[in-house]
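User: I would like to go through this model with you. Could you take my questions one at a time?

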Amino acid sequence: MTDTLDPTVLSVETDQLAVNTLRFLAADMVEAANSGHPGMPMGAAPMAWTLWSRHLRHDPADPQWPDRDRFVLSAGHGSALLYGLLHTFGYDLPVDELRNFRQLGSRTPGHPEFGDTPGVESTTGPLGQGLAMSVGMALAERMMHARYPELTDHHTYAIVGDGCLMEGVSHEAASFAGHHRLGRLVVLWDDNDITIDGNVARASSDDQLARFEAYGWHTEQVLDGTDIAAIDAAITRAKADPRPSFIAVRTVIGAGAPGIEGTSKAHGAPLGESVLAETKALAGWDHAPFTVPASVQEVAAQWVQLGEQAHAVWREKAAALRKTAPDRAAEFHRVQAGTVPAGLGEALRATVGDAPRATRQSSQACLDAARGVMPELVGGSADLSGSTGTVCGDVVSRDDFSASAIAFGIREFGMAAIMNGMSLHGGFRAFGSTFLVFADYLRPALRLSALMRQPVVYVLTHDSVAVGEDGPTHQPVEHVESLRLIPGLQVLRPANDAETAEAWRLALERTDGPTALILSRQALPQDPPTKFDGHSPVTVEIVATGSEVALAADAAEVLRADGVGVRVVSPLDRSRYVPDPSATVVSIEAGSTSAWSGIADVAIGIDTFGASGPGGEVLAHFGLTTDAVVSRIRAHLVRAIEN
């Protein structure tokens, strides 16, 4: 099959008509909603049309085809451009959805939302993260190609804006991509020199081409963003280069809109009825709103046919693999479906031992066991694998993508966003790790994991002031509680080997959202669950998580000797905990008590920053000892009797 259109269907006139189609679909959407961003779509339409009509290999009839090219609109505020493309190229996005742009319940939300709109590969809008996720997709493509070369060979494309490049995550991700020589990644920069507040020069004078060259990228520059032939040639050269490619395309925001084009006025407000009408008249556009002319539909349909043909060839390859290597074919389809193999739970339970150890070490054992049955489990750390218990064999490099360990470097935000891209790509279960206190660096990407319902696993260790001598800069206090505030994030804080194994099982069997594993630096006892059960009648229920469960158990033993009926509860996931309404509830967690105070009668924790010193001494300083806990509980019981 050919991968180019019959040149007779392409012409300067048709291309210009198609560009205007995309421009005015976007402007019509924003005008109908009286809300949105028309400027970016109007300026970037030529590069988007060039990419989609000449390079992007896809099949709208099957948006989940594993070997399709990926397209990420990192400048997500220009969502109307993406919706216009999807509608024009035949995705299940009828014109009524364009008319309902930004309306409640529509499939055309204000920023692209993964799962809401067929053909949208990722949620974007928080600037820079789309670029970083595209790096993750490109990494996943190379890693899948190393494992299944017969079935994986595609490109990842992204359009970014000035804001994407200013955000720090763009540095982290672009540096990673250049280092790993991700040559199937092509990024087009909508170089319109405008941000919300005005000209880019007010805040930045970066030489972006030199910057990306320094990262090890191939770079191109197109000085006229309406020159489709030049854009096409630049993309063609980019695809032939073994390095990731960055193409700067000089555009005009709000192109064609009198009095608005080239200014920040075009960014985030409707053009207005009169300006839109004048813009259409100047462009010779006499079609009704939301129209895709027949000749544009024809070109789009013929390009889609080429994608359908490529998909058919891929199906033949998949069928051939099922005949020649049925086990490999079955494994490919299993990992694409995200199905957890049989034997995972048994493998994890086999890691449970008797000797005290830190839950980060328990987690390393679980990771090793899980990888034995889930080869798609890949990931690494922000340069902390040994400390966080996330060592997993050979490291992926530009020369060998068949490995499972990823050296993300000291790039927490980039790591998390790259993991999101890998998860969105499919075929892998991604995990990443750092110290819990540094979860703040990656939180925006973790939030997107939850928003997109991606089953990414975050391994967050050194989970309390027990970190000790490194002091309050490295001692998390508010972090566990703040993570619990993120909708859809499963937060698990295990107390021993058995709970760590269960936490990993829950994380890996979950397919509709991310999990944060909160793990200790210090060794914890392997107390059997029976030690945590009190005797009737229960008058005190002590609820604790992680490293404080052993403390709760010790305090309970002292209180039982006084004749107090005590039950100890270790909720791996606090959201599932239901307090006993007939008992005095005491919570113990070496962190913020803000939410525990609404659950427990006595909330024992830490509501200030930590302190530098040996871990045990720091815990004692904050009252996290058996004697101190028992004293708090006794004092409360006495007051309750007196009252």
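User: Which residues of H14 are buried?
Analyst: In H14, the buried residues are Thr359, Arg360, Ser362, Ser363, Gln364, Ala365, Cys366, Leu367, Ala369 and Ala370. Buried means under 20% relative accessible area, exposed over 50%, and partly exposed in between, with a 1.4 Å probe and protein chains only. Helices (H or I, at least four residues) and strands (E, at least two) are DSSP runs numbered from the N terminus.

User: What kind of model is this, and how are residues numbered?
Analyst: This is a predicted model, in which local features need pLDDT of at least 70 and side-chain atom pairs count only at pLDDT 80 or more, while totals for chains, interfaces and linings use all residues. Residues are numbered from 1 along each chain as its sequence is written, and side-chain values use heavy atoms, with hydrogens and water left out.

User: What covers the buried residues of H14?
Analyst: The cover includes helices H13 (344-349), H15 (385-388) and H19 (497-509), together with strands S8 (377-381), S10 (429-435) and S11 (457-461).

User: What about H5: how many of its residues are buried?
Analyst: In H5, 17 of the 19 residues are buried, so this helix is largely enclosed by the rest of the structure. Helix H5 covers residues 129-147 and reaches 27 Å from its first C-alpha to its last, close to the 27 Å expected at 1.5 Å a residue. The expected span is 1.5 Å times one less than the number of residues.

User: Switching to tyrosine 91: where is it, and is it buried or exposed?
Analyst: Tyrosine 91 is in the loop between helix H3 (79-88) and helix H4 (95-99). Its relative accessibility is 10%, so tyrosine 91 counts as buried.

User: Which residues is tyrosine 91 in contact with?
Analyst: Leaving aside neighbours within four places in sequence, tyrosine 91 is in contact with Trp52, His58, Pro60, Pro63, Leu86, Pro118 and Gly119. Contact means heavy atoms within 4.5 Å.

User: How do S14 and S15 run?
Analyst: Strands S14 (residues 540-544) and S15 (residues 566-569) run parallel and are joined by four bridges. Two strands pair if DSSP finds at least two bridges between them.

User: Finally, how many helices and strands does the chain have, and what share is buried?
Analyst: The protein chain has 22 helices and 17 strands. Of its 643 residues, 60% count as buried. The C-alpha atoms fill a box of roughly 90 × 60 × 45 Å, taken along the principal axes.
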